[in-house]
Amino acid sequence: ARRRNLRKPGETGYKIPYGGLFELVSGANFCGEIIEWTGFAIAGWSVASFTFAIFTFLNTAPRGAAHHKWYLSKFDDYPKNRRAVIPFIW
């Protein structure tokens, strides 16, 4: 809902998302998915669950990095302290 509400009715174009996890990373949705599946892996404590978490990271992290790179190239005023996917790290 946070991203959906960035534009007013009839408005087009891209906006910089703010609030929540978007204050720390460009790919808040990717970060959330990584956190979710890491928790599943810990709760499941099996090779299958850890494998799923690893492959989720390997699939979503590069996409988040690409989104971050795009935001930086598109917006001159994009927050420089935001990371791509993992808060404070990457």
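Q: What relative accessible area does Asn59 have?
A: The relative accessible area of Asn59 is 44%, so the residue is partly exposed. Buried means under 20% relative accessible area, exposed means over 50%, and partly exposed lies in between, with a 1.4 Å probe and protein chains only.

Q: What kind of model is this, and how are residues numbered?
A: This is a predicted model, in which local features need pLDDT of at least 70 and side-chain atom pairs count only at pLDDT 80 or more, while totals for chains, interfaces and linings use all residues. Residues are numbered from 1 along each chain as its sequence is written, and side-chain values use heavy atoms, with hydrogens and water left out.

Q: Where does Asn59 lie?
A: Asn59 lies in helix H2.

Q: What are the overall dimensions?
A: The C-alpha trace of the protein chain spans about 45 × 25 × 20 Å along its principal axes. Of the 90 residues in the protein chain, 30% are buried.

Q: And what is the accessible surface?
A: It comes to about 6,300 Å² for the protein chain, and 61% of this belongs to carbon and sulfur atoms. Accessible areas come from the Shrake-Rupley method with a 1.4 Å probe; for residues, only the protein chains shown count as cover.

Q: Back to H2. Is Thr56 buried or exposed?
A: Thr56, which lies in helix H2, counts as buried because its relative accessibility is 8%. The side chain of Thr56 reaches the backbone oxygen of Phe52 at 2.8 Å.

Q: Which residues is Thr56 in contact with, leaving aside its neighbours within four places in sequence?
A: They are Glu33, Trp37 and Ala61. Contact means heavy atoms within 4.5 Å.

Q: What about Phe57?
A: Phe57 is partly exposed, with a relative accessible area of 30%. Not counting residues up to four places away in sequence, Phe57 touches Ile34, Pro62, Ile86 and Trp90. Phe57 and Ala84 are 27 residues apart in sequence, and their C-alpha atoms are 13 Å apart in space.

Q: Where is Lys69, and what is its relative accessible area?
A: Lys69 lies in helix H2 and is exposed, with a relative accessible area of 64%.

Q: Changing topic: which residues form the largest nonpolar core?
A: It has 7 residues: Phe22, Val25, Ala28, Cys31, Ile34, Ala84 and Val85. A nonpolar core is a set of buried Ala, Val, Leu, Ile, Met, Phe, Trp, Tyr and Cys residues joined through side-chain atoms within 4.5 Å. Cys31 is in contact with Leu21, Val25, Val85 and Pro87, leaving aside its neighbours within four places in sequence.

Q: Ser26, then: buried or exposed?
A: Ser26 is buried, because its relative accessible area is 3%. The residue lies in the segment before helix H1.

Q: Which side chain does Ser26 join in a polar contact?
A: The side chain of Ser26 is joined to that of Tyr78 by a polar contact of 2.6 Å. A polar contact is a pair of N or O atoms within 3.5 Å; within protein, one must be able to donate a hydrogen and the other to accept it, and residues adjacent in sequence count only if both atoms are side-chain atoms. Not counting residues up to four places away in sequence, Ser26 touches residues including His68, Arg82 and Ala84.

Q: Which residues other than glycine have a positive phi?
A: Among them are Trp45, with a phi of about 45 degrees, and Phe88, with a phi near 70 degrees. Most residues other than glycine have a negative phi. Trp45 is in the loop between H1 and H2 and is exposed, at 64% relative accessible area. Phe88 is in the segment after H2 and is exposed, at 68%.

Technical notes: Helix = DSSP H or I, 4+ residues; strand = E, 2+ residues; numbered from the N terminus.
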